[in-house]
2 protein chains.
Amino acid sequence: MDSGVKKSGVTSSQVARRAGVSQSAVSRTFTPGASISPKTREKVMAAAQELGYRPNAIARSLITNRSRIIAVVMAYLENLFYPDVLEELGRLLVKENYRLLLFTGHMDRDSDPVFDQLMQYRVDGIILASTTLSSHLSEECATAGIPVVLFNRTTERDAVSSVTTRNREGGRRIAEFLLAGGHRRFGYISGVESSSTNRDRFAGYREALAEAGHDDIVIGVGNYDRAEAEAAAREMFSRPDRPDALFVANDHMAVAVMDVARYEFGLSIPNDLSIVGYDDVGPARWASYGITSMSQPMKRMVEATVNILMGQISSGEIEAEHRILSGDLIVRTSARLPKNGVVEIDGRRIYKPGKS
Amino acid sequence: MDSGVKKSGVTSSQVARRAGVSQSAVSRTFTPGASISPKTREKVMAAAQELGYRPNAIARSLITNRSRIIAVVMAYLENLFYPDVLEELGRLLVKENYRLLLFTGHMDRDSDPVFDQLMQYRVDGIILASTTLSSHLSEECATAGIPVVLFNRTTERDAVSSVTTRNREGGRRIAEFLLAGGHRRFGYISGVESSSTNRDRFAGYREALAEAGHDDIVIGVGNYDRAEAEAAAREMFSRPDRPDALFVANDHMAVAVMDVARYEFGLSIPNDLSIVGYDDVGPARWASYGITSMSQPMKRMVEATVNILMGQISSGEIEAEHRILSGDLIVRTSARLPKNGVVEIDGRRIYKPGKS
DNA sequence: ACGCATATTGCATACGAATGCAAAAATGCT
DNA sequence: AGCATTTTTGCATTCGTATGCAATATGCGT
């Protein structure tokens with residue numbers, strides 16, 4: 001009431017004095033599960049209220065050695081898949097009472113500066129979305145006891161935890177779908193060629209096509225980038241042996257490729273060209289595109305990610321764990337339909353070979 | 001070399017012992033501008049290297065009372081404008097050696113929980129993107145000495161700093177453009193009605209139309225949400241007096257509205273209906289849409305935001321500051337063109353009434 | 001070489017909260 | 001009531017770094 005300025009900087013000791021108790025009592029009042037009597041707790045709460053006290057998370061971190069901060073390193077934000085992921089991550093982390101420290105951009109090369117900051121803030125965990133860590137850096141995390149989870153990516157040696165979907169099977173499924181649709185000439189526009197998602201998607205696609213006797217896939221490199229995907233599409237569509245079936249490594253690029261096909265080459269989709277994408281991200285669902293796409297169960301992926309992290313944080317065990325989920329091939333209008341195999345589930349049309 | 005495990009937890013004292021200097025020397029080595037001789041700095045650096053030492057930002061914050069963390073509260077992430085903003089913010093903040101603590105979702109009502117966390121981490125500044133603070137909360141920030149900047153939004157009383165564009169003028173410009181294009185019946189699909197951006201854009205639009213004798217604007221409420229905008233569009237397009245000119249409060253909704261117009265109502269754009277959006281965000285530029293849109297100079301807005309923040313942090317003066325930038329009406333194909341006024345600048349077509 | 005000004009260094013303490021430990025209070029039991 | 005047990009409390013210390021101050025080392029001018 002009378003205290004006048006309540007410039008934040010109210011400390012637990014001040015509250016303690018006000019409430020006529022010890023600083024420890026204040027601390028215990030704000031520490032869930034600590035030993036404190038209802039009576040003192042009430043006194044403390046009242047004093048805290050009056051002074052506008054909030055526990056200082058920084059000081060708390062210093063002594064508990066827990067920051068309750070999770071670092072998220074994310075790239076490709078212009079691909080709506082990732083903002084979606086970010087939003088869901090935010091929701092889940094806040095629910096677990098963790099904060100989200102965001103680093104945008106890649107950290108492929110020795111991006112020590114960014115990494116240094118992660119370490120300096122003693123984050124409790126790191127989520128790498130579409131970005132990997134040099135083995136050097138991930139080792140450093142391991143020795144530092146910081147859990148790391150790769151989101152939608154894996155590394156060669158499975159040394160660090162990851163959450164992915166069955167990209168290889170996804171690639172296969174897409175090939176089967178396009179084969180069943182009676183296509184003759186197959187194309188692929190890749191993501192970043194060294195990325196595990198790209199490798200796996202393509203591997204599955206190529207395998208299934210090869211088994212059907214198609215060994216000559218027309219390939220363009222899109223690097224998960226709109227402009228590059230457009231350029232690759234232009235090059236591909238200008239070829240005399242233009243494909244009639246095209247798998248684009250993600251929807252973000254597929255949308256761009258579709259625009260190029262329609263508005264620069266006057267192609268009719270899916271009559272002249274079938275396009276299949278990956279992720280089942282927002283724009284793929286928009287009426288202008290209606291892209292047939294392998295879905296990635298984003299929410300479950302995020303949930304698994306947070307889950308792994310929380311497990312490792314509370315147990316202290318940083319054993320690499322790999323969660324592999326699966327999606328469905330959502331059928332829309334960007335690709336010719338096979339005779340059968342398309343079924344409707346929960347209002348979504350899905351390709352399930354074998355089923356009529 | 002021999003130290004074996006270098007489990008992070010290396011402290012400045014350990015480095016000091018190793019280097020044969022005092023802990024202060026280590027601290028000074030890592031404090032830019034501190035008084036330290038090149039010779040000892042070198043010794044310290046060497047020891048730090050060996051042990052894998054990194055200064056503990058938490059401990060540092062505790063004593064300097066500066067966290068070097070900026071909280072960003074952001075909503076509407078599915079609107080690509082905001083991921084773009086986020087990326088740019090990340091870039092600029094990192095350059096200023098600040099970290100970005102992200103909170104997603106709204107905090108309109110007394111969202112004290114989120115706010116509490118902001119305060120607990122003693123963030124050095126707060127950026128509110130498309131979200132405002134109750135006056136109660138913003139006051140609390142003021143007394144706590146924490147700079148707050150509203151991004152793309154203002155409050156009634158100009159008590160808190162903000163960065164916006166001339167939304168009212170933008171609304172006017174759009175009206176002028178549509179009037180010059182010879183349209184007869186005008187519509188508007190709003191954002192969140194209480195938001196300042198929506199109010200201003202609409203005010204300008206309505207004023208200019210009224211001056212031209214058009215007082216009967218057909219209105220739908222979109223709340224900056226795709227689904228709601230679609231519903232509003234459906235309702236509007238079903239009316240007998242369907243407008244032939246439609247201003248949609250942002251591109252995120254305009255894209256959805258355009259799809260409804262074309263694919264659900266078979267309208268030809270811009271022949272049957274002209275659509276103008278706001279933001280000039282990614283999808284507006286895609287070939288499928290080509291939306292004529294008032295641009296917001298996102299990079300400059302972000303720059304101004306960071307600028308205000310840095311200024312207030314370093315000066316300690318938290319005087320509300322308002323930066324108001326302006327954009328251009330980028331002309332594409334979603335709206336009928338006026339006879340004149342459209343000029344080409346840097347490869348972009350812009351509407352500048354008065355110019356031929 | 002001497003004295004003075006300046007640059008470096010180490011000591012000791014502070015930041016704000018959490019926690020082991022022992023003292024004190026409350027509770028239960030007979 | 002008296003004793004044993006449990007709960008609550010306060011004291012003192014700790015986390016890792018920054019910084020004022022006094023002490024020491026260095027450099028400069030003559």
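Let's start inside. The largest nonpolar core counts 190 residues, and V72(A) and V72(B) have the most contacts within it. A nonpolar core here is a set of buried Ala, Val, Leu, Ile, Met, Phe, Trp, Tyr and Cys residues joined through C-beta atoms within 7 Å. Buried means 20 or more other C-beta atoms within 10 Å of a residue's own; exposed means 12 or fewer; partly exposed is in between; C-beta atoms are placed from the backbone. In soluble globular proteins, nonpolar side chains tend to be buried together.

A word on the source. This is a predicted model: local features need pLDDT of at least 70, side-chain atom pairs count only at pLDDT 80 or more, and totals for chains, interfaces and linings use all residues. Residues are numbered from 1 along each chain as its sequence is written, while chains are lettered from A and ligands numbered from 1 in the order in which they are written.

Back to V72(A). What is V72(A) in contact with, leaving aside neighbours within four places in sequence? The list is L89(A), L100(A), L101(A), L102(A), F103(A), I127(A) and A129(A). Contact means C-beta atoms, placed from the backbone, within 7 Å.

Next, the pair of chains. Chain B superposes on chain A by a rotation of 180° with 0.0 Å of shift along the axis, at RMSD 0.1 Å. That is the relation of a two-fold axis. In chain B, the C-alpha of L101(B) is nearest the axis, 2.3 Å from it. The superposition is by least squares on C-alpha atoms of residues with pLDDT of at least 70 in both copies.

Now the interface. Chain B puts 44 residues into the contact, and chain A puts in 44 residues. On the chain B side, β2(B) gives the most, with six residues. That side divides into 21 nonpolar, 13 polar and 10 charged residues. By class, Ala, Val, Leu, Ile, Met, Phe, Trp, Tyr, Cys and Pro are nonpolar; Asp, Glu, Lys and Arg are charged; the others, Gly among them, are polar. Of the interface residues of chain B, 100% are also interface residues in chain A, so the copies meet through the same surface.

Strands cross the boundary too. β2 of chain A (residues 99-104) runs antiparallel to β2(B), joined by three bridges. L102(A) has L100(B) as its bridge partner. Strands pair if DSSP finds at least two bridges between them. Helices (H or I, at least four residues) and strands (E, at least two) are DSSP runs, numbered from the N terminus.

On to the DNA. Near means a C-beta atom, placed from the backbone, within 6 Å. α4(A) gives the most to this surface, with five residues. Its make-up is 10 nonpolar, 14 polar and three charged. DNA strand D is surrounded by 29 residues, the closest being S37(A), T40(A), S12(B), S27(B) and N56(B). Here α4(B) gives the most, with five residues.

Last, some backbone details. The peptide bond from I269(A) to P270(A) is cis, with omega near 10°. P270(A) sits in the loop between α11 (251-264) and β9 (274-279) of chain A. N65(B), not a glycine, has a positive phi near 65°. N65(B) is exposed, with 12 other C-beta atoms within 10 Å.

Methods. Contact = placed C-beta atoms within 7 Å.
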